[in-house]
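Let's take a walk through this fold together, moving from its aromatic rings to a strand and then to a helix. Have the sequence and the 3D view open as you read.

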Amino acid sequence: MPTEADPRAPTNSVPESPIAYVDDAILRGLPKGTEIIRIAPSGTSQWARTAKIETINARGKNSSYFIKVRQGSSGKNGSRAEFQSMAALNKIMPDLVVRPIAWGAYDSLEDTWFFVMDFHQLSNDIPDPEPFVRLVSELHKNGTAPDGKFGTPWAVYGADGRRQLYKPTDTWEECFTFMLRRTLRYEIATQGPDTEIETMYATILDKVAPRLLRPLEAEGRTVEPRLCHGDLWDGNVSVDINTGNPIIFDAIPLYAHHEFELCTMRVPYHRMQQAYIDEYVKHARMSEPIEDFDDRLWLYYLYFNSRSSSCYSGNLQYRIQSKHCMRRLIEKHGDGYEGYLARREG
């Protein structure tokens with residue numbers, strides 16, 4: 001849920017009618033023998049209608065599920081992608097990741113799509129750094145890419161229905177640069193042309209990204225693709241009130257450099273910030289060159305911030321923050337990888 005300091009505002013266009021009842025297609029997706037008690041609105045979403053479904057299972061026990069309802073082609077893509085994404089994460093860390101149950105199309109409504117997962121009664125707070133960050137690091141350690149490639153082998157969509165194309169690549173530099181270039185193009189399309197920012201974008205892509213990413217995979221160093229949540233900010237993590245355990249959801253996952261996961265912890269209005277980064281590096285080693293660690297996170301933050309800007313037309317706060325970030329990175333690393341090598345050889 002957006003906080004007061006969060007510049008985003010809900011733009012939900014899905015009517016409430018689909019969550020007034022449980023469609024037959026939803027019931028077929030639930031465990032066999034499930035009986036519906038009721039459905040009622042629960043939670044908030046900027047892009048979907050959400051509700052809690054209370055049931056009695058085949059053993060006579062109460063079971064509850066959380067449903068998201070979307071519409072249109074983006075709703076279909078988003079529902080399918082969220083099911084696939086959460087299934088991949090839950091397989092690795094079932095105690096940390098909400099379990100997906102089903103996705104599909106309504107029988108009774110045209111072009112209306114659902115995604116169902118287990119219901120968790122969530123607190124209004126974020127988990128403490130420990131054990132939360134340790135569990136995230138375990139996700140990264142255990143979530144290895146089956147084909148050794150960065151990106152994702154399936155299509156991933158953001159909550160707004162826009163495809164987040166994580167091109168499968170052999171190197172992290174190629175994967176991230178492709179992601180960043182595409183996201184910056186979206187940002188320009190959403191917020192309009194800006195000569196200064198377009199000039200800085202070019203320098204970031206041509207000079208700064210190679211400078212900060214190429215050394216990760218040079219001089220005998222390697223980066224292993226690790227499964228990341230991809231959108232690990234305050235609104236996508238919480239604490240289960242009944243168990244006291246951290247829980248994560250609403251993923252946009254990819255196989256990435258594990259440090260990429262920390263990009264959301266640079267955002268000024270997020271509550272998970274430096275203390276969570278400090279805890280993370282106790283469990284997951286910083287990549288070499290360690291002296292570039294801080295600036296790598298700022299580069300990854302630029303991707304996250306630009307992606308956010310691309311979702312909210314007319315809201316220039318993200319763009320302003322991105323400009324500050326880029327000026328700093330260009331000042332330090334504008335001479336690119338070639339300048340880095342020249343200084344080392346000198």
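**A cluster of rings**

Phe-150, Trp-172, Phe-176, Phe-260, Tyr-300 and Tyr-303 are linked into a cluster by ring pairs (rings of Phe, Tyr and Trp, the last by its six-membered ring, pair if their centres lie within 6.5 Å; planes under 30 degrees apart count as stacked, over 60 as edge-to-face and the rest as tilted). Before we go on, please note that this is a predicted model, in which local features need pLDDT of at least 70 and side-chain atom pairs count only at pLDDT 80 or more, while totals for chains, interfaces and linings use all residues. Residues are numbered from 1 along each chain as its sequence is written, and side-chain values use heavy atoms, with hydrogens and water left out.

Across the whole structure, a search finds 17 aromatic pairs. One of them joins Phe-176 and Phe-260 edge-to-face, at 6.3 Å centre to centre and with 70 degrees between the planes. Because Phe-176 belongs to helix H4 (residues 172-191) and Phe-260 to the loop between strand S11 (254-256) and helix H6 (274-283), the pair ties together parts that are 84 residues apart in sequence. Helices (H or I, at least four residues) and strands (E, at least two) are DSSP runs, numbered from the N terminus. Phe-176 is buried, with a relative accessible area of 0%, and Phe-260 is buried as well, at 1%; buried means under 20% relative accessible area, with a 1.4 Å probe and protein chains only.

Now turn to strand S5 (residues 112-118), where seven of seven residues are buried. Which strands does S5 pair with? Strand S3 (residues 62-71) runs antiparallel to S5 and is joined to it by seven bridges, with Lys-68 standing opposite Phe-115. Strand S4 (residues 100-105) is also antiparallel to S5, through five bridges, and here Pro-100 has Met-117 as its bridge partner. Two strands pair if DSSP finds at least two bridges between them. The hairpin of S4 and S5 has six residues between the strands, and in this hairpin Asp-111 takes a positive phi near 55 degrees.

Our last stop is helix H9 (residues 336-345), where Gly-336, Tyr-337, Gly-339 and Tyr-340 are buried. Seen down the axis of H9, the buried residues fall within an arc of 160 degrees, so they line one face of the helix (the arc is that of the directions from the helix axis to the C-beta atoms). These buried residues pack against helix H5 (195-213) and helix H8 (317-333), where contact means heavy atoms within 4.5 Å.

Conventions:
Buried < 20%, exposed > 50% of the residue type's maximum accessible area, 1.4 Å probe, protein only.
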